[in-house]
Every structure is written in structure tokens, then in C-alpha cells.
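Open the model in your viewer and keep the selection tool at hand.

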Amino acid sequence: MTELISSDNNMKTRSMPLLPLANLVVFPHTILPLFVSRDETISAAERAYKSKSRQLFAVLCKSRDMADGFCKEDMFETGVVCRIIQLYNQAGSDIKVLLEGMYRAKLVSVSGKGSSLTAQVEPLSEVEGNSAAADVTKESIRQALLDIEGLDQNFMPEVIKNLHAVRDGAAMADSVMMRIPAKPRDKQQVLEMLDISARLEAVYVHLKTAISNAQLEKIIKKRTQDQMEKNQRDYYLTEKLRVINKELGRECDPQEELDKLEKALKEKELPDAARERGLAEIKKLRSMTPMAPEYTILRTYIDWILALPWNKMAAADIDLAKAKAILDNNHYGIEKPKERILEYLAVQKLSHGIRGPILCLVGPPGVGKTSLAKSVAEATGREYLRLSLGGVRDEAEIRGHRRTYVGALPGKIIQSLKRVKTGNPLFCLDEIDKLTNSERGDPAAALLEVLDPEQNKSFMDHYMDLDYDLSKVFFITTANSLDSIPAPLLDRMEVIRLHSYLETEKFHIARQFLLPKQIEENSIKESNLRVSDETLKCVLREYTSEAGVRSLERRIAKLCRTAAVRMLERNDLDWQFDVTPKDLPEVFGAPTSRHDTMEKKPAVGVCTGLAWTAMGGEILFVETGIMAGTGQVSTTGKLGDVMQESCKAALSYVRAHAAEFGLAPDFHKKADIHVHVPDGATPKDGPSAGITIATAITSALLNIPVRNDVAMTGEISLRGRVLPIGGLREKLLAARRAGIMKVIVPEDNRRDLIDIPKEVTEGMELVFVSEVSEVLPLALDADKEAIFPGSSATPLYKELKADAAKAGKSPARKRTAASRSHKQDASEEEQQ
């Protein structure tokens, strides 16, 4: 490659006035006029013009904001040394400068301030690069210049002619790039290229881009002009056609259609505001052509006004006996929720309208929340609507889009009311706890107005822009958890909890509902499938683990499909599949659910607790190990923060009562205690295992086994009190399933027995306790004297006081004596 030196043979650093440019890049081999208005740039131009060489350094600034002055870091390093050919004074203080770009230079430093900025620059050498590639590129640029001729005002025919005459590659690249409408930073990148061959290639790419943009702009202008001409033509022909249709009496007259819409608005029972809005929109339609884009938008809006059931109500006759029969036939168990719904319907019947809060059915998946809402609609004679809110994160899904947006529609509330054609349906807002907010708004906040009986009389949808009365709609919402529902929204709803089904309830549901349903859906006869009670219970216990019955229904469907396959294989439509527990592994595979059972014999440091889960209840074992050590306490089993705090509280209780247990006061310093809850991959948390942990630790320290036929639940306090817990129903069911019939329960939970079915507690011995001291004799396999061999210890504060007395007078007594002596001396001085 050949190195080319710039036209100035002096390669030493030179000083000259600095001309910073905001959005313009000057290239060598070009002449351009420049209007200068800033004081700094005017001064630089005038100083350069008065100098002998008339040269200045023009460089692009990195930022357009140059109010705080200039420094080297604010400018690009590469610029162009220019010569001022002519300087003209303009009106006011502005000047016009005719610049000629001479050669590239590097900005070394900047000196001076204000209007006396001076640049120290060093000329840059250019590299010729690949001369063969440069020649090819130059020819390509000449061809491209012919394509852009006439498309861009910077490339007029005379300019193209002059550019074609340029033979030097560097001069051609700089001259063409100067005229291309590119961004200043893109031009700066080309300016910084010292390799002439590479610079030509970059200029060719920018030139092709400019050609494409110019051609596209030409197409857009032509389309716009054609569209304007077409609209004028369509308007003329439409008006002419309207007159012809009117003379011929044809029905396709747009004005006649508007007359029908106007008549429908006047005849339909609408609120006055809705009727006036509709008539105003029709008035606008009469003054515009049907081909106008806004015509369709206004026409659609009027159709929405006419389609909504503003004052049309369905006859809802409530018969409590019929409603109770429907609820009982469709849903087994869940007596409390059904009772509350009947109360709600009774009040509605007496008040001849809806009174009271919005209902929110909360419970685990599969317990029948959505189907219960559908049964209520059947019981009240209302049309049923369901809207799933899972994953909704746009406020417009509830309130609609404003009509200014393309493709705008009303929100889901208004759209659903259009489908049912009545203004008082039962509206089920499913999965309300799955709402999420985003940058598009919070849909939960939009529901505050929908679900407030005091506000939804005038619900405002953004698309309709009219008040709509939702007070006659019966809203029922469903959720799996209340944790993610905002407090203001939760305050507007009355919560009805649906607990997980008991095993007995699941058995009856499977026998009475699911099995007949799946037999019918799988097109087999009742005689083709026989499932014994023992087999059904085996399916429940070994192949399902859920709060509801969805998985159970899938298992029963699998049995029906297996019966259908075997029946067709035997070519006997009357064949019966008698399912036994032994057949289940062949149909379902290995059991998928495992429930712990009680220990075979009492063990030291192993205590049986009870836990609540979303799938119901489970028993859990708390294991405690004692080892010689230095007093370290460790907990394992993926325990949550609350459960770890329960471990600390239980250990503190044991240490505080060490004397009563016959333990040395410093026993905790000589042994390490390890508390572990098996099934370590499953997270566990909650305070209800407090007395279980305390019992396990005491058992390990005293080496007394814990009875294996006793389970317990209860929170522990530092004072040894047993505090109430939740989920007692599910926990007792777990104990019964594990074969444990004696359960220790907090005394404050005695009142919860009224809500627990008798079939759960039948045959069980429930022992209610208030103190941990009552728990240990019931749980440990030893006499009370063996558990509490010692006496109550001397309170610690008395021991501390006794130690202080042995060491001498306490600081407080010393201060009192000193104070007394000081007062006596002061009194003697006063007397003297």
C-alpha cells in the first residue's frame, strides 16, 4: 500500500482558529457556504480571514448543547483544515463564510477561552489501500450517481456531471459523501477513514441507502397524491350515486340507513345521555362520505350503543327450595358456602333486587368454585357469564380503549354484556387473584369501580364514554389465594372459603357424580365398568394428591377408556371390567402419592406433628439428635423463617425449665442439638409445630421415647403457652388417615370443632391443652415424675443479685453512700 501525505507538506503541529460545528461535517476537496451566528464561531472565522493563510480547523461537536463553552473532550478528534475563500456580513450580527476543505487533521489540544479558541492540529496521512478495489468502487459510484439523479435535490444533473469528471478516489469519496443526506455521526465515521479504498466502499453503501430512501419517498408521495385524487373522485361518484339511487328508489342509500339507525335510537329504551350521543354521531355521519375512515368508526360506535342491554332485564324468580335442590344436586358437601349463598338469595328475594356485597369464592384448585357460580346462575334464573382474569395486565381489558386508537373496542365487561343481551346476568370473574399490573396500568384498580355496589351504577367504559349501570349484575369472583388481591379490592367483596374436600367427600363425589359423568362421556354403559368401594378409595389414596377432584376425575376417565379398549379388543360390547386394587398398577402404573403413617413403635427424639397443605393435611415427623459438642443448634429440612423461630422458642423454653427436667443449668454448652424434619426437598413453614419441636427436644435430652400413637399441633410461646393454629380440619383428617386417633390440640381451637364434620372426629380422642407442661406427660412414654424429677429453679435475676452482693456493694449503693456524704459536707459548710 502507498502512503499519501496531505497537501500540506509540513507535518508539524500547527495552531489556527477553532470552528466547532454542531451538526455539520466538512470534507476535504469540497466548497460549501456556512452561516455563522455564535460569537465564538464568528470570532474564529474573522480571525482566520484576517490571517495570512486564512485557515481554520472545522470539527464536529459530540453534543449540540454548547452553552457551557468548549473543551477538547466535547469534540471529535478528526476534523478538516479549511481555507476561507470569502466572508460576507449578513443582516444583524451573522456572517456567511465560503469554506474550502483542504485536508484532514487531528485535534491535539484546545487553548483559549470564549471567542479566542485556538486549536493545535496535526495533519493526517492517507493510505491508498487496494487500488484495484478502489477503481471498481469508483465506477460503481458513478453508476449509482446516475440512479439518484433527479431523486435528491443535492444531486442535480450539473452536480452529477462534475462528480463524474473527478478522477481522484479521495476527492470523489469526499465530494459525494458531502452531498449525501446522512446523519452527522455517520459522516464523521467516513471522515475518520484514512484508507481511501475503504472510504470509497463506505461512501458507496451510504449512496445506495440514499437512493433507496429517495425512491421510497417518491413512491409515498405518488401514493398520497393518488389517494387524494381517489377520495375526491369517490366523493363525487358517491354523491352522484346517492342522487341516482334516490331517484330509482333503491335501498342501498347510505342516508336511508342512517335514518333507520336514528329511528332505532329513538325507539329503543335507552338512557337520555346514550340516546343524545347516538343522535349526535348520526348527525356527523350525514355530513361525511361513507368512504371516509372515520365513517366506519362512528357507525361501529352507534352499533355498540344499540346492541347493549341498557334497561333490558331478565325475569329472575328466586325459589329457595329450588335453589337449594340445584346446589345439592350439583355439589356434594361444602355446606357452609351453600348456606351463605342461600342467605344471599333470600335477602335478594325480599328486597326485590341485589343487596349486599360482592361474593368471592376462595379455595384450592378443583374444589368447585366456578361450577358453584354456574349453579347459582341456574338457581336464580340468570344468564351465566364467565370472564377469566388470569394473566390480564392491561387496564384497557376492563375499561376498554379510547376511540382515538385504531381498532379500539370496549372492555371485557361491556363486550360480555352485549353477548348475553340482558342487563342482570350472573357475572363470574374467574381467577381474580391472577391479575398483574404492568406499564399499561393496573387492572385490579379498574375493578374497584366494577365491584363496588355504591359506584358501579355509573361505570364508565373508555370506548363507550357513557355511564353504564352495573348495579343489577350479580358478581361472583373466584380465587385460589387472597394474598395477591389488593386490600382495597378485597374490602369490596365478602369472602366465602371453600376448603379442600375430605376423603369421604371425594369418595361420594366420585361415586355419585364423576363416575356416571365419565361413563357417559366415554360412551360406555354402566354395566361395562364396575369399581368397588375399596378400589375407589385406593385410587384416592395412592393415585391422587389434591385438594379438589380434577386429578381424581382424570383417573376415573382413564379407567373408562381402559374398559372401552378392552371391550373392543374382545369384540364384546357387554363385557364388564371389574376393577380391583390389583388392577390399578397395570392401568395407572406405580402409585404416585405417598402418605406417611404412624411410627411402628415409640422412639426417642421423634415426635409426630400435623401440617396443613394446599392439598389437604399431612403428618410430619420432627427428629431431634443430641451430640457432644459446644452448644451449637442446627435445623435442617428446608424450614422457613417462622418454623426456625419456633425451634428457637422451643429450645429457649427447655433451657428455662432445665431444673424441672433435672438437667444441668449449662447443659446447652456441652451438647449440640440438631432438629430435622424429613422430606427435605419440600419447603415447610409456619408456627404450628412449636409444641412438636419442644416435645422432640425434651425427649432427646431426657432419653424418654415419644408415644407413636399421639400427634399434636400448636404454637409455643416463651412462657410455655400453647397458642391456637389454623387448618384443624385438614390436620385431623391427616391424623385419621395415618391411623393416629389421639391428637393434642390447643385449648383455643375447641371452638373450631363446630365447623368440623363429625365423621372426621368420630372415634378420635382430642386432648385440649393450654401449657406445654400438659403436653409432655401426654406425649412422652413415661410417668410425670420421670419427666419432671427436679424442682423449680431459682430465678436467674436472684442469682445475679446474689453474685453482685458477694462481690461487694453494688454500684447503686456506692453512689447512694457517696451522695449522702456529699450532702452532709455541704450542710456542715452551710452551718459554718
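In this predicted model, start by selecting residues 31-36, strand β3, together with residues 95-111, strand β6. The two strands run antiparallel and are joined by 6 bridges. Within this pair, phenylalanine 35 of β3 stands opposite lysine 96 in β6.

Now show the side chains of β3. Leu32, Leu34 and Val36 lie on its covered face, while Ile31, Pro33 and Phe35 lie on the uncovered one.

Next, select Phe57, Leu99, Val176 and Leu207. These belong to the largest nonpolar core, which has 62 residues, and they touch the most other members. Centre the view on leucine 207. Leaving aside neighbours within four places in sequence, leucine 207 is in contact with Ile141, Ala144, Leu145, Ile148, Phe155, Val176 and Ile180. Apart from this core lies another, of 53 residues; Leu345, Cys560, Trp575 and Val587 are among them.

How many disulfides does a search of the whole structure find? The search finds 0.

Finally, zoom out and colour by secondary structure. The chain comes to 28 helices and 28 strands. Of its 832 residues, 44% are buried. Among contacts between residues at least 6 apart in sequence, 74% join residues at least 24 apart.

Key: Residues numbered from 1 in each chain as written. Predicted model: local features only at pLDDT ≥ 70, side-chain atom pairs only at ≥ 80, totals over all residues. Heavy atoms only, no water. Disulfide = S-S within 2.5 Å. Buried < 20%, exposed > 50% of the residue type's maximum accessible area, 1.4 Å probe, protein only. Helix = DSSP H or I, 4+ residues; strand = E, 2+ residues; numbered from the N terminus. Pairing = 2+ DSSP bridges. Core = buried A, V, L, I, M, F, W, Y, C linked by side-chain atoms within 4.5 Å. Contact = heavy atoms within 4.5 Å.
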